Each structure stands twice: as C-alpha cells, then as structure tokens.
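Subject: Structure handover

Hi,

Here is the structure I promised to pass on. Please open it alongside this email.

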Amino acid sequence: MKPTTTDTRRVEYNDTIVRAFIIASMVFGVVGLLLGVLIASQLSFWQMNLGLPWTTFGRLRPLHTNAAIFAFVGNMMFAGIYHSTQRLLRTRVGSDLLSWVHFAGWQLIIAAAAITLPLGLTQGKEYAELIWPIDIAVALVWVVFAINFFLTIAKRNEKNLYVAIWFYIATIVTVPVLYIVNNLQIPTSILHSYPVFGGVQDALVQWWYGHNAVAFFLTTPILGIMYYYLPKAAERPVYSYRLSVVHFWSLVFLYIWAGPHHLLYTALPEWAQTLGMVFSLMLWAPSWGGMLNGLLTLRGAWDKLRTDPVVKFLVVGVTFYGMSTFEGPLLSIKSVNALGHYTDWIIGHVHGGTLGWNTGMAAGMFYWLVPRLWGTKLWSIKLADTHFWVSTFGMLLYIGAMWINGINQGLFFQALDAEGFLKNTDFVEVLKSGQFLYMMRLIGGLAFFSGFLMMVLNLALTMRSGKAVRDGVDVPVAPFAPSVPAGKLIFSSPILLSFVAIGVAVAFGLSGPITSAIVAAVGVLVVVVAAAYYRRYQQQESHWHSLLEGKSLVFTVLVLIAILIGGLIELVPTIVKKDYGIVMTSAAKGEMVAVASKYQEIPCTPLELEGRDIYVREGCYLCHSQMVRPFRHETLRYGEYSRPESYIYDHPFQWGSKRTGPDLHRVGTRYPNLWHYQHLKDPRSTSPGSIMPSYAWLHTSTVDYSKTPAKLRVLRTLGVPYEQATIDEAPELALAQGRRIADDLRKSGSVEVAPDSEVVALIGYLQQLGLLHEPPALSQTGEVK
C-alpha cells in the first residue's frame, strides 16, 4: 500500500544504540565462553573448582548459561532487531530514551546475575535461576523494549510488515508470557523465594518455559535476523515468500507444545509426554522449511561462500539450525530419549545450537554490520577466515566428543548381563572412561574461544580504523491509503478455518473409540473445504496474508492466540490436578476408600528444608537427578521408580537433566551419615575417581534457623501441611535433629561438628530422600485410623 503523495522527508536512524548492543554482546560473549572453558576444565580436572564456594561447577554453570543466552545472544539479538527494524519500517526507533533505558537496564540485570549466581542466590531452575528481584527487573525492562518496538511499528513508513518483523513480534509477545508464568513465586526474604508450582506441575511449567525460551529467545529472533541479513549478504531476495509464511505460523503454533519432551519417562502424566513427543516430531517440517528457505536464498550466489566470511558464518549458522532442529525431534522419540537423556548427548545437542546456530549467525551479522556502522572495511578478511576455520574445528570436536560420550554413557547404564542384572555397577567407571572425550571437549572449547577472540580483535580494530556514521532514508510525508478493516480480517475464512481445525484436533484427542471416527470424518471435511478455499485464494488479487501484514495489531493478537492455545491445553489440566498420591483401597466391607499412597512425599522437617535449600544453592541438580525412570536398569541401580506423589511438596522440583553423578531420589538411608560427611568433604575418599568438587566449607558454615519459620509459612501457603507448632518451634526442632546427626557422627567416626552446621542440614535432607512409608491403616468400617 503506497502513500497518496510523493512529498518526502528525511528520517535518520538511531544506530548509536545498535553499536552499544554490539559492543556489549562482544564483551559478554568473551565472558560466557571463558566461563564455558573453565567449567569444561572442571570436568577434566576437579582441582579447577579451586576449593572456593563461588567457583564450583554448580555455581558457575548457571552463570555460564545466563551469560551465553541472555548476555551474549540477548545483546546480539537486540542489536539486530534495532538495526533491521528501523530499516524495514523506514523510521527511527520509537523512542531514543526508551532505547537507552532498555540498554542500561539489561546490562544491570546481567551485572546482578554475575554477582548473585556465584554467591549461590538462585531459584534452582535451569535457565530461570535469577532471584525474584532480578526477575521483576527483567519483566520491566522487557516491557520497555516491547513499548519501544511497538511505538516504532506505530510510526512506520512502510505499510506491510516484512517476515523478519513477524519473528520479532513472536519473540516480544511470547517471552514475557513464558517468563512470568514460570517465575510466579512467593518471597521468603529479599533474596529468597519458593515457586508457586511444585512437583510435577513445577516440572511441566519449567520445561514449557525452558524449551520455549530456546524457541522464542534463541530461535525466532535469530530467524528474523536470518531473514534480513542473509538476503543482504547474498544480495538476493528471500527464496520463497510463501514458504516463509508457512514457516512462521506453523513454527509459532507448534513450538509451544513441545516442552514435555524434556520429561519423557518421568512422573509427568503420560498424555502430556505423548503430546510433547508428537508436536516435537511435527516441528521437523517447519524448521527444515525455514532452513531450506535460508539456504536456497543463496541460489546464484554460492561463489560468495569462498570469499565472503559473512556468508561463511551465516551458512554455517543456518546449517546448524537444520542439524539442531533435526536432532531435537529425534531425541524426543521415546526409544531414543531413553538412551540419550541424562547423558552428554544432550550437552552436544545444546551446544550444536548455541555454538553453530546462535554464534554463527552472530558472527555473520557482526562481520556485515560493524564495517557499515563505522564506515570502513573489515580490518582483516584473512583473520575472519582463520576465525571461521578454527571455530568450526573447535565446534565439531566439542559436539562430536559429546555425542560419542553420551551414547557411550547411555549404553553403559543400560547394559544387563544374561541373567538380567547390571553389567556395570560402579557409576564412577563411566566417568573414567569418558575422560579422554572430556579432554577433547575442553580442547574444542578452547579452539572455539580462540576463534571468538580473533573476531573480537578484528572487529575492535575495524571500529578503531573507522568512524561512526549516520544513516537515514527519505520517506513520503503523506499517510497511507485506507486498508481492509480489521474485523474483516479477523473473521475471514483463513482464521475461521484455522480455529475449526484446532477444535477438531482437540476433539479428536479427547474423543473415545466411537466418537473419534465421527471427529475424523469432520476433519476430512475441513481439509476438503480448506483445499477448495485455497484454490479460490490463489485467484484473488490481494492475498489475505499480505493484507494482514498491514494490520500490526491484528497480527500481534493472532500470534498471541497461537502461542496461548498450546500453553493452556498443556498446563491447565496438570496444574489443577490436586489428587496426586491418593489411591483407592478396598475397605473391610468391600467399599473403596481414598488413602495416601506409600510413595507420597512427607514434608521436610525444618532442618531438612534448610538442607534442601543448600542443595539448591550449590547447584547439585546440575549433576544429580532425582527421577528414577521405569526401566529395569534404573530400578536395579537406584531403587523403585519415581511416582508423581513423591514430589507434591517440592518447591522447586529438582529432577535434573544431566547425570554427572548418580540419581539421588532413593539415596535416603543407603549410606550412613559418616559416609555423606566424608563424601562432601573429600569425594575421592569414598568414591575414587569422582570429579565432584569438595564442599569442605559446609563443615564450618552454619545455618541461620531464625529464617526458617518464614520459609515454612510460605510453603504452608503453597499447600505444604505444616502445623503452626512446627512453624513456631522450627529453630528448636532443627537444632534437636541436628544434635542427633552430630551425635551419630561423633559415635561412628569421632567427628566433631556443630549441630547447626550446613553439612548436618544437607545430610539430613539427603537421608530422607525417597523414603517410603506405609499408607494409613484402615478400621473395620473403612475409616483411616
């Protein structure tokens, strides 16, 4: 839609904010990768934990992931969005002030994370570790970003929204939904809180967030950047507009459903696991459609691959996007997941996406942008080429080592002898066998880090050799001509057919054996109607989607609806279910009564609760799971498989996603108190060959039990059945239990330890993990005694 007159005015872009985000991304990229190299070295040399509380793997690994995701990729994403959006909409950013508030706020959040995470101030949930005051800051800064973005759209001088803007919109509306729901919590103090969801519900919400944080923070905005910068670098238009439409809407709708594939064979309800697996498999199609759309954009320009480092990195990025989005659905297949989950295969998969896709796209964008923003040529193409080959070598070595080690670990754990018993009983043996591959991982990480440093040097010298330039565009003065009313678009055939199709799909999932045939027949009818409409649609002069692109508000609302459908259908049934752990038992007269399962969790005592908080603080969930899957090899190794009712009071859940150490869900009473004391002080004294860091400071640090009543009150609000007397007497009860543990240590090993020491609290927590209790006895009338 063109303006009605030809008078023009000059619009100058705000590229100063773009330059600021680029520099911040480069700096934090160095920090994030350096932390990655350090924690990789800790897996090869346990001494690299340095014997300090704030430098252990459990505390630095969250800092590494947050630095890589939110600091490096986040700043790179904002730079790309601010730069490309202004040019695609042919207008200056909505507000210069909001842009700088956004920039400053985001860097302060990163600084706060860098301080709090090494101090052990964490929520204990992967990719969502930040404590509640920082969470509020994240939400507020994101709102500033969103307002600024939509102000830019509102004052645009280009009527239709280009495909990159679609992906930016999806990111901006989805991230706050994910972040806010997953971080609903009740504070116990200024630095501590408990999530409102617990156990199975918390696990589902967390991986609904965790998977879709990858989708809508690390994927959709980077796809928008791909759709802008790849055609620019190739000097070719996007291969297929129609494919980009299919790619966008199918990806946005399907991605939100796939989170439960992180929880296969766990205590999550079977229907949710199956739903996650099915939608993950469906994601293959749109993901590869986007990859092919990117690669085929280079038709006729493949010669640039030999000479242009920008194209080299963008092609590697898009290729690894395809590889990662093939591997993800593959790992969601239950039989494959049974082998790969909790192993280093998952680590290789994750780093294929971050090192290949995210960092590849970042390097390509930086090499294209920096010379233009500073009005000069790239300082050294040869150095950029060296960066490409060194980083590619390091990346392949890293990922290959983790693939091999992960499959080796899966086979090691699953191996049974001819009688059906474990072939490999010593967990440490798999760590010893993987040490060579951990060294390969470290070497690969060092090579990749070296390549990144080459890029930073190259870009810094490019900036130094040039000078910041101003850029702008002449735009028409007159407003756009009237377009199709919003109501006509909302109630148009494509929208109505989409909702009917979704309704039929949901009805089919809920229907029984007979009604499912009727629903299937209706589904076939819907397909026929849609095909007939498509033929008519092809003959129309103005296509529906191109009209939709001119209505930014309608477009945004439809995106929001698309992501909310899957979230609501998956989360609500699990969240509202309250009867986990209730089983029906036959009474004396044959009547059925509801009683507690013997697997139902017993609330932690005050001392055990403080021990659990120490477990969370030290990041134990990053190396130990608390989820015994229903496989023979796991029940033989760890004990009875885990049930949903075993976690009903867990805030937050601690199922873990990687086993660098054994599962701990049934570890209670397996070892005496003295064993745990020695293991925490010097892991190699009880487990020769262990790579676990020493936690010697736990033996001298003490717990402040005056804060425990506040924690118990919050948990009672969340449904944990604590009596008022327990809350009032929490410090005394904790010290009494601590004295019992300290007395046992003194008798069994002549160990002198304070009853309020942190190691005593942690031992108390570990000793109650997974303990079973008999269900309440029934009277002759069927009543619970």
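Below are notes on a helix pair, the cysteines and some backbone features.

Before anything else, note that this is a predicted model.

**Helix pair**

Start with H10, residues 284-296, and H12, residues 309-332. These two helices pack at an angle of about 170°. Their axes lie 9 Å apart. Angles over 145 degrees count as roughly antiparallel, so H10 is roughly antiparallel to H12. The crossing of H10 past H12 is left-handed.

Which residues of H10 meet H12? They are Trp-284, Ser-287, Trp-288, Gly-290, Met-291 and Leu-295. On the H12 side, the contact includes Val-315, Val-318, Thr-319, Tyr-321 and Gly-322. Thr-325, Phe-326, Pro-329 and Leu-330 of H12 also take part. The residues of this contact split into 10 nonpolar and 5 polar, with no charged ones.

**Cysteines**

How many disulfides does the structure hold? The count is 0. Take Cys-620, which is in no disulfide. The nearest cysteine sulfur to it belongs to Cys-623, 8.3 Å away.

Buried here means under 20%.

**Backbone features**

A cis peptide bond joins His-651 and Pro-652. Its omega is about 0°. To find Pro-652, look in the loop between H24 (632-638) and H25 (673-681).

Glu-235 is not a glycine, yet it has a positive phi of about 55°. Glu-235 sits in the loop between H7 (220-234) and H8 (241-255). With 59% relative accessibility, Glu-235 counts as exposed, because the cut-off for exposed is over 50%.

Ser-750 also has a positive phi without being a glycine; the value is near 50°. Look for Ser-750 in the loop between H29 (730-749) and H30 (758-767). Ser-750 counts as exposed as well, at 65% relative accessibility.

Best wishes

Technical notes
Residues numbered from 1 in each chain as written. Predicted model: local features only at pLDDT ≥ 70, side-chain atom pairs only at ≥ 80, totals over all residues. Heavy atoms only, no water. Axes fitted to C-alpha atoms, helices over the stretch in contact; angles between N-to-C directions. Helix = DSSP H or I, 4+ residues; strand = E, 2+ residues; numbered from the N terminus. Parallel < 35°, antiparallel > 145°, perpendicular 65-115°, else oblique. Left-handed = near helix turned anticlockwise from the far one by under 90°. Contact = heavy atoms within 4.5 Å. Nonpolar A, V, L, I, M, F, W, Y, C, P; charged D, E, K, R; others polar. Disulfide = S-S within 2.5 Å. Buried < 20%, exposed > 50% of the residue type's maximum accessible area, 1.4 Å probe, protein only.
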